There are 2 protein chains.
Amino acid sequence: MRVCLAQINPTVGDLEGNCQLILDGIAKAKSLKADLVLFPELALSGYPPDDFLLLSDFTKAIDEYLEKIVEASEGISVVVGTPKMNPQGRHLKLCNSAAIIHDRTLIGLQDKSLLPTYDVFDELRYFEPACKNFVWNLCGKKIGVTICEDIWYHTPMVRDAAYHRDPVEDLEEQFPDLVINLSASPFRPGRSQERIETCKGVSKTLKCPVLLCNQVGGNDSLIFDGYSMAVNENAELINLAKGFEEDFLTVDLSYPSEEISHDVDQTEELRKALVLGIRDYFHKLGFSKACLGISGGIDSAVVAALATEALGKENVLGILMPSRYNPESGIEDAKQLVDNLGIDHRMISIEKPFQCYLDLLEPQFEGKQQDATEENLQARIRGMILMAFSNKFGYIVLSTGNKSELATGFATLYGDTVGGLAVISDVTKMNVYALAESYNAEEEVIPQNIIEKPPSAELREGQLDSDSLPDYDVIDTVVRAYVEEHMCPQAIADKFGYSIDLVEDLIKRIHRNEYKRRQMAPGLRVSSRAFTIGRRFPIVQKWV
Amino acid sequence: MRVCLAQINPTVGDLEGNCQLILDGIAKAKSLKADLVLFPELALSGYPPDDFLLLSDFTKAIDEYLEKIVEASEGISVVVGTPKMNPQGRHLKLCNSAAIIHDRTLIGLQDKSLLPTYDVFDELRYFEPACKNFVWNLCGKKIGVTICEDIWYHTPMVRDAAYHRDPVEDLEEQFPDLVINLSASPFRPGRSQERIETCKGVSKTLKCPVLLCNQVGGNDSLIFDGYSMAVNENAELINLAKGFEEDFLTVDLSYPSEEISHDVDQTEELRKALVLGIRDYFHKLGFSKACLGISGGIDSAVVAALATEALGKENVLGILMPSRYNPESGIEDAKQLVDNLGIDHRMISIEKPFQCYLDLLEPQFEGKQQDATEENLQARIRGMILMAFSNKFGYIVLSTGNKSELATGFATLYGDTVGGLAVISDVTKMNVYALAESYNAEEEVIPQNIIEKPPSAELREGQLDSDSLPDYDVIDTVVRAYVEEHMCPQAIADKFGYSIDLVEDLIKRIHRNEYKRRQMAPGLRVSSRAFTIGRRFPIVQKWV
């Protein structure tokens, strides 16, 4: 039996385009003489379709496109993920379904049983769960059909939810010959290995092969890494699609297969994820050009490098906007960076508008000391210049704040936070350095000075981040423990040997700056818990 | 039997403060010789507690405070809403519970059955539903205990969800003497009447009195209107707490009671809701002072009036920031407004910074026509000045965009959208006018000129909103139909007699401007579907 796994890159709501990707996949599978072709979870709508699922003309159109897919399945079996009206009366209107199709007939629908409603997932907002996962007779085999989370509760690797039922146990009593899983499983560090372990666990229990077909590509903040796979009946990984790009995997289940391994470099994966996230955000929106402020610091340098890799050097504009507080050496570093990247740049001093605002506000601020107000003015003038370029020429502005800065609020709202996409908002400072080193692995792309100089916002004379913040490795550790792991302050202090005051101060900063993050551009999510998606804390609160 | 309904205003996460409100309520009920005192849903944590529920030290502290409440219940019965650890193994960790307490003993917990997970509600993200609603023996009566949504599926008034079970049917077979409902039911137009109808429906079925105790006050975007109530066994409303403020209702169930009526003026309610929303946002955050740009237009005039009512005239600063495009008459209107309101004001011409930016960017924009870039510069300069006042003096900036503008994207990101609170972001333009009329009911607060002049952003010579937008009554109708009612474009065109092109163009605008709204300040939610909370659409999409 030959099965194709079509690792496609659908766009949310692009029913016409996604349907075409599916029809192309069916045609290709036919040309390869496959018996069965698989597509990802909700491939027809793209994942996540969000509140489009609440619009009746959207769900009606889904049905019409599904009809086309059924029509195209002559002589082949197809299993494709799609939202589907739920025929049951008093329940939710939709199911997250696998349409099981053979030779121009819709055999049936296997609905998803386990509907993640945590972190970035809101599936119970839209879908009614299945009561059972069934084995379907297809291509002369008994095939267990599952959708994403359905197999994750078996190992168990689900940390944030508890379900009443393990669908793999449903399948166990039905003795399947093969289990397939349609996924839209987003990237995070180590996730591809966990996905492999999950499939192996299912294979171990059911003693049959497991095929997982995952979505690839970026949709808003979420990046899907692909890595569709085949695990054989001995729980060995025997085939793995590419990560971070479209792929088409063909698996011959009748032939003996050799185990393969999957090793990844975490920084390399992070880089690929961000590049894919930028590229799809731009291209799916119909934009090609990015601009960003180049400060001479590490964050903007890394974002410039990522954007150049994602969009091409001809499509990235770096804008240097020095003030009275930027040392000449930093400007030289910035120029060296844009030269190394081969991107175009502009140099626009913010001195005149800065002085203009100081003069304008002087009578208003009489008797008041200089403070963060004047620092923020500089950052906001830069934001305004970037937005003027965006308005005039159609660039999307890239915002360059990292996760550690956004945690501590070390950023100016409407200043360095402006932009259409917050590229590294889910990357801690230490990982920003790791990305810089990765770009410099073969030759110096990011000038060594930029990597080595102590971090500074350069908004007043001689300012250093370390004047007002703990070391970034400490910040990063607390952010990971508190934001990603939900550890208590005392547990964090105990585990890492920090004073409880330091930990509590950082956690207070995190909550005090919720209002800034609420107004940020969407950020690419590359950790197990990002600030800009999947984390919901109030601004008005008195717990912290 | 005497029951008190403590309509309190808890703050999210303020366990100490909320516990004190509850202890005060118990003491007051005792002094009134009540047998039973009720508090709202999740009164101890405040509603909605969001992801604080995922923090183990938070849920642990909840248990400790609940202990204090139990200790304080000597000689009285108490039913109070609180999150509670779920003792069941494989299920979600928490329940949304009513703690049923009598005379220093926690009798038991009635968990909520129907967990809304639509619009602004995410309860299945945190809570495990109850399997059944029980009747509890308390004060010699059989009391059916329900939490908010539990009684809404009976009438049925729930439009956005479908449940497997109606908890009122559970109670029917247990013949309760009384049903109580702890609520955290947010305001929207007509909601208080719907709440009354819901209680009457339950009373009709169960032939017993229904007491509903609702939260009051603002928490971030949500405004809870209170109106706790008693409905007797004949489905008559016999007692109603105040709307939009704390109240303490005492109901004697043993005495005969007369039916009362509840009539509201929708504009009056809207005004009260917004005033409460502003006041609680500021005071719960520990702020007292607001500033805002006064343009001479209707939106900023109404926001200034609302802020003055909410915070007091001594706490509101209006900043007039005229440009070359603002006619003298508009500046006079603005001055008249701040005079009428009795608020302080500043006048700061944006001419110098505007010219400064034009000069700075001229070499960059050579050969390019003037366009929205130059308009946005003006709006952004104003935003920067407002933020400088915020930074220097501790004002929270009020953002003044209305729902119709935000729908059509007729607002400058980082310009007129800046602010800590978007006061009228859920108020359509026509309702902004209605609010203005309401302020002028007794004397002219908002100068008639401001109400009568055609709307204009005044960012270029002779600009009028009607140059680029349909009439606001058309926009408002489409926004309500599409955003609030999820109607299809064709159905909207048919129902209101608009051309399909006009409707589709407006809907395209709504989706194209998702990126702007994503970066807005939190907005007060006063409709059945706001842009800034409870509506989840992707930026990258190809459906519309």
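**View 1. Superposition of chain A on chain B in the predicted model.** Among the residues of chain A, the closest approach to the rotation axis is that of A:Q519, whose C-alpha lies at 2.0 Å.

**View 2. An open, parallel sheet of five strands in chain B.** The strands follow the order β17-β16-β15-β18-β19, and their pairing is parallel. At the edges are β17 (344–347) and β19 (421–422) of chain B, each of which pairs on one side only. Strand β15 (residues 290–293) of chain B runs parallel to strand β18 (residues 396–399) of chain B and is joined to it by two bridges. B:C291 has B:V397 as its bridge partner in β18(B).

**View 3. Helix α6 of chain B lying across strands of the chain.**

**View 4. Contact between domain 1 and domain 2 of chain A.** Chain A is assigned domain 1 (2–255), domain 2 (270–469 + 514–518) and domain 3 (470–512). The C-alpha centres of domains 1 and 2 of chain A are 40 Å apart. Eight residues of domain 1 of chain A contact seven residues of domain 2 of chain A. On the domain 1 side of this contact, β10 (216–219) and β11 (222–225) of chain A each supply at least two residues. That side comprises three nonpolar, four polar and one charged residues.

Note on methods
Residues are numbered from 1 along each chain as its sequence is written. Chains are lettered from A and ligands numbered from 1 in the order in which they are written. This is a predicted model: local features need pLDDT of at least 70, side-chain atom pairs count only at pLDDT 80 or more; totals for chains, interfaces and linings use all residues. Copies are superposed by least squares on the C-alpha atoms of residues with pLDDT of at least 70 in both. Two strands pair if DSSP finds at least two bridges between them. Helices (H or I, at least four residues) and strands (E, at least two) are DSSP runs, numbered from the N terminus. Two residues are in contact if their C-beta atoms, placed from the backbone, lie within 7 Å. Axes are lines fitted to C-alpha atoms, for helices over the stretch in contact, and angles run from 0 to 180 degrees between N-to-C directions. Domain bounds come from an automatic or database domain assignment. Ala, Val, Leu, Ile, Met, Phe, Trp, Tyr, Cys and Pro count as nonpolar, Asp, Glu, Lys and Arg as charged, and the others, Gly among them, as polar.
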